Amino acid sequence: MKISILDDYHDTLRTLDCFRKLHSHTVVIWNDHVQDVEVLRERLADTDVLVLIRERTQIRTPLLEQLPNLKLISQRSAYPHIDIETCTRLGIVVSSSQHADTPSYATAELTWGLILAAMRQIPQQMQSLKAGRWQIGVGNTLRGKTLGLYGYGRIARAVADYGKAFGMRVVIWAREASREHAGQDGLAVAASKQAFFAECDVVSLHMRLVDATRHIVTADDLARMKPTALVVNTSRAGLIAPDALVNALRAGRPGMAAVDVYEEEPLRDPAHPLLALDNVVCTPHIGYVTRDEYEIQFMDIFDQIVAYAAGTPINVVNPSVMPRPQ
């Protein structure tokens with residue numbers, strides 16, 4: 001089969017041990033990012049299997065209808081960027097491991113790195129030093145502060161452990177079932193969403209972006225935060241209402257933000273409001289971008305291709321596309 005891989009920015013995948021799983025197939029890897037339908041149509045015209053790296057490229061109906069050879073899309077995690085109904089209509093299998101038993105420690109570690117960087121002003125202090133100046137301000141200690149986790153899934157649990165190791169009090173707000181799990185794990189649960197935002201020194205978002213969670217963090221929520229508080233988003237930009245974070249930071253509540261995700265990615269506009277604010281630490285969606293995490297993720301993705309080639313597809317998210325037993 002001919003396999004096409006999109007958006008491998010640093011040509012990393014061919015260097016992974018798990019890449020050997022594709023040795024019997026023809027593999028084409030694209031290192032740039034393209035969203036133009038006509039360009040993608042030309043690139044993928046004779047592709048049998050399409051490999052996606054998370055949500056970097058939107059795979060929508062106008063493109064899918066122009067790819068007559070496409071049989072399988074293999075990726076990992078959520079798939080809001082793929083028109084699943086169109087794939088089913090066209091007979092395209094979509095396989096996506098949901099890694100229910102494997103938290104992304106890479107994302108949890110970046111979350112903690114952003115918390116430290118923002119609270120201690122590490123990027124700003126570095127920039128000052130490079131500019132020939134010395135200290136530019138006074139940072140904040142984490143020990144004794146309250147860490148709020150909005151959502152309590154696999155990544156949030158890892159971040160909670162980091163918070164406890166740093167001597168922080170950990171407080172949870174989430175849907176009811178997750179709040180119950182947090183309580184069973186011995187963590188404090190906020191009395192309400194309003195109390196959660198008001199009492200926490202750091203609020204870190206850890207939810208999937210679905211219809212029920214889109215814009216779940218409102219301007220009113222952010223306005224309740226302390227002027228010394230930090231909000232961290234390594235999940236999805238759409239969890240926060242449009243413009244709410246920038247406006248809140250300009251108003252001084254919360255006082256800081258650390259962001260790894262954006263409404264439109266890749267973000268290449270140096271004039272983006274978040275990049276213009278001195279009280280924000282920004283990274284280019286690198287939460288899961290480590291060699292170790294890539295080995296884990298692409299082991300799943302390539303296993304899905306091997307299974308499909310053997311006639312036994314796995315992790316199929318549109319099972320109605322499969323032929324029914326006779």
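Trainee: Is Asp 221 buried or exposed?

Mentor: The model is a predicted one. A residue counts as buried under 20% relative accessible area. Asp 221 has a relative accessible area of 4%, so this residue is buried.

Trainee: With which residue does Lys 193 form a salt bridge?

Mentor: Lys 193 lies in helix H8, and at 19% relative accessibility Lys 193 counts as buried. Its partner lies in helix H9 (residues 219-223), 28 residues apart from Lys 193, and the pair links distant parts of the chain. The closest N and O atoms are 2.8 Å apart, and the partner is Asp 221.

Trainee: Which residue is linked with Lys 193 and Asp 221 in a network of salt bridges?

Mentor: Lys 193 and Asp 221 form a salt bridge with each other. The network that holds both of them also includes Arg 224.

Trainee: How many salt bridges does the model have?

Mentor: The pair of Lys 193 and Asp 221 is one example of a salt bridge. Another is formed by the side chains of Glu 65 and Arg 89, at 2.7 Å from N to O. The count of salt bridges comes to 17.

Trainee: How many residues apart in sequence are the parts that Glu 55 and Arg 236 tie together?

Mentor: These two residues form a salt bridge, with 2.6 Å between the closest N and O atoms. Glu 55 is partly exposed at 23% relative accessibility, whereas Arg 236 is buried at 17%. Glu 55 lies in the loop between strand E3 (49-51) and helix H2 (61-64), and Arg 236 in the loop between strand E10 (230-233) and H10, so the parts they tie together are apart in sequence by 181 residues.

Trainee: Is Arg 89 buried or exposed?

Mentor: Arg 89 lies in helix H3 (residues 84-90), while Glu 65 lies in the loop between H2 and strand E4 (72-76). Glu 65 is partly exposed, with a relative accessible area of 46%. For Arg 89 the relative accessible area is 53%, and a residue over 50% counts as exposed.

Trainee: Which element supplies the largest share of the largest nonpolar core?

Mentor: This core has 29 residues, and Tyr 150, Phe 196, Val 203, Leu 222, Leu 245 and Leu 274 have the most contacts inside it. At least two of its residues come from each of strand E7 (169-173), helix H8 (193-199), strand E9 (202-205), helix H10 (244-251) and strand E11 (256-259). The largest share, five residues, comes from H10.

Trainee: Which residues of E9 are buried on the side other than that of Val 202 and Ser 204?

Mentor: Both faces of E9 are covered. On one side Val 202 and Ser 204 are buried, and on the other the buried residues are Val 203 and Leu 205.

Trainee: Which residue of E10 stands opposite Leu 205?

Mentor: Strand E9 is joined by four bridges to strand E6 (residues 146-150), and the two run parallel. In that pairing, Val 202 is the bridge partner of Leu 147. E9 also pairs with E10 in the parallel sense over four bridges. There, the residue opposite Leu 205 is Asn 233.

Terms used:
Residues numbered from 1 in each chain as written. Predicted model: local features only at pLDDT ≥ 70, side-chain atom pairs only at ≥ 80, totals over all residues. Heavy atoms only, no water. Core = buried A, V, L, I, M, F, W, Y, C linked by side-chain atoms within 4.5 Å. Buried < 20%, exposed > 50% of the residue type's maximum accessible area, 1.4 Å probe, protein only. Salt bridge = Lys/Arg side-chain N within 4 Å of Asp/Glu carboxyl O. Pairing = 2+ DSSP bridges.
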